[in-house]
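Have a look at it first.

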Amino acid sequence: MIEKDTMTKVDIMDKYIDSYQEKITSSEICSIVKTIFNFDLETKPVLLSSPRGTAKMAIESGIAQYGTNLSGAEVRKLINYIFGINLDAISSLDGSRISL
């Protein structure tokens, strides 16, 4: 069981990602981000100039480049690269009375 009250959003994300036994998919990443950070990655613009225009296709392409199971930090780096959304920074703002 995950103790959400005492953990940062980044810690919670890491626990979710670590719980996957097999290679994580773009659908699972989108679901985790939506659940924890309330961002629907599928509606966000993809910043990469790539023929793979959808969010899930861009994430799948990024996952394929890593070639192994991704850690939470690697997933957040990938999201920052694809969408320009820095989940580490957003998580660090929790409790700081700053709204986005």
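This is a predicted model: local features need pLDDT of at least 70, side-chain atom pairs count only at pLDDT 80 or more; totals for chains, interfaces and linings use all residues.

Let's start with Asp-88, which at 37% relative accessibility counts as partly exposed (buried is under 20% relative accessible area, exposed over 50%, partly exposed in between, with a 1.4 Å probe and protein chains only). Residues are numbered from 1 along each chain as its sequence is written, and side-chain values use heavy atoms, with hydrogens and water left out.

So, who does Asp-88 pair with? Its side chain meets that of Arg-76 in a salt bridge, 2.7 Å from N to O. By salt bridge I mean a side-chain nitrogen of Lys or Arg within 4 Å of a carboxyl oxygen of Asp or Glu. Asp-88 sits in helix H5 and Arg-76 in helix H4, twelve residues apart, and the pair links distant parts of the chain. Helices here are DSSP runs of H or I, at least four residues, numbered from the N terminus.

Arg-76 also forms a salt bridge with Asp-14, with the closest N and O atoms 2.7 Å apart. Asp-14 lies in helix H1 and Arg-76 in H4, so this pair ties together parts that are 62 residues apart in sequence. Put together, Asp-14, Arg-76 and Asp-88 make a network of salt bridges. Is Arg-76 buried or exposed? Buried, with a relative accessible area of 5%, while Asp-14 is partly exposed at 21%.

The structure holds four salt bridges. Another of them joins Lys-56 and Glu-42, the closest N and O atoms being 3.7 Å apart. Lys-56 is in helix H3, and Glu-42 is in the loop between H2 and H3.

Now for helix H2, residues 26–37. Its buried residues are Ser-26, Ile-29, Cys-30, Ile-32, Val-33, Ile-36 and Phe-37. What do the buried residues of H2 pack against? Helices H1, H3, H4 and H5, where contact means heavy atoms within 4.5 Å. And just after H2, Asn-38 takes a positive phi of about 65 degrees.

How values were computed
Helices (H or I, at least four residues) and strands (E, at least two) are DSSP runs, numbered from the N terminus.
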